[in-house]
Amino acid sequence: MLYRMLSRWAESKKFKVQVLDVQDGDSAGIKSATFMVTGNYAYGMMKSETGVHRLVRISPFDSNARRHTSFASVFVSPEIDDDIEIEIADKDIRIDVYRSGGAGGQSVNTTDSAVRITHNPSGIVVTCQNERSQLHNKVQAMKVLRSRLYDLEMEKQKAIDAEVEANKKEIGWGAQIRSYVLHPYKLVKDHRTNFEMGQAEKVLDGDLDNFMDSFLRWQVQKDIKDEGEL
């Protein structure tokens, strides 16, 4: 649902959305997904989505139609130019090649061309199985890895490691940045800015502009406050 929401928002802005990797859930849905959004100020707006998202609804997978609460985490990092040098030593990475998989085998590569790259010093893991060529998947995965490492370094330089760690809290109660409640009432609320909307389905269809705008305003005020306390 988050993947659908974010991709629909991007498409409404006429941004290009390129899926790099999708891992199916054990029983239903998506376990994880990586996709690239290309467009003016895409990262500046989408960084508001980094964190844990909470959904409350009547589960379609529960035969007793009981209300369930579920959590999912989103991480947004910027794409970087190839001109920016991020040194990645061969000894620091492990490259695994495996066979792509997906429901029904539709649009899925049947060769062992999917690539997973693990960066040992940082613990960052990236995967790509979108391309038919193992070489192309490796290039895309390395690009995502450089982007993640660059973003990590930028966060260190800004001395906001504590805030980054807060965005990587355990996925569960008390860690969410936003809640989507579909039952017994309908409400979407951002717990950082306190901005909320009652049209939950509209938000899940990609109407995120007001949430992003309120986050950017909140972030500016927070930065000003933090600078004043230094």
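This report walks through the predicted model's confidence, its sheet and its nonpolar cores.

## About the model

This is a predicted model, in which local features need pLDDT of at least 70, side-chain atom pairs count only at pLDDT 80 or more, and totals for chains, interfaces and linings use all residues. Residues are numbered from 1 along each chain as its sequence is written, and side-chain values use heavy atoms, with hydrogens and water left out.

Take care with residues 103-109, where pLDDT stays under 50. For that stretch the model has 7 contacts (heavy atoms within 4.5 Å) beyond four places in sequence.

## The open sheet

Next, look for the strands. Helices (H or I, at least four residues) and strands (E, at least two) are DSSP runs, numbered from the N terminus; two strands pair if DSSP finds at least two bridges between them. An open sheet with mixed pairing is built from 5 strands, in the order S4-S3-S8-S9-S10. Its edges are strand S4 (67-74) and strand S10 (196-197), each of which pairs on one side only.

Strand S3 (residues 51-58) is mostly covered, with 6 of its 8 residues buried; buried means under 20% relative accessible area, exposed over 50%, and partly exposed in between (1.4 Å probe, protein chains only). S3 and S4 run antiparallel and are joined by 8 bridges, and Gly51 has Val74 in S4 as its bridge partner. With strand S8 (residues 176-181), S3 pairs in the parallel sense over 5 bridges; here Arg54 stands opposite Ser179. Further along, strand S9 (residues 187-190) pairs with S10 in the antiparallel sense over 2 bridges, and Val188 has Met197 in S10 as its bridge partner.

## The nonpolar cores

In soluble globular proteins, nonpolar side chains tend to be buried together. A nonpolar core is a set of buried Ala, Val, Leu, Ile, Met, Phe, Trp, Tyr and Cys residues joined through side-chain atoms within 4.5 Å. The largest one has 21 residues, of which Met5, Trp9, Met46, Tyr180, Val203 and Leu208 touch the most other members. Helix H1 (2-12), helix H2 (42-46), helix H5 (200-204) and helix H6 (209-229) each supply at least two residues of this core, and H1 gives the largest share, 5 residues.

Leaving aside neighbours within four places in sequence, Met5 is in contact with Glu49, Arg178, Tyr180, Val203, Leu204, Gly206 and Leu208. There is also a second, separate core of 15 residues, including Met36, Ile117, Ala141 and Leu149.

Technical notes. pLDDT = per-residue confidence, 0-100.
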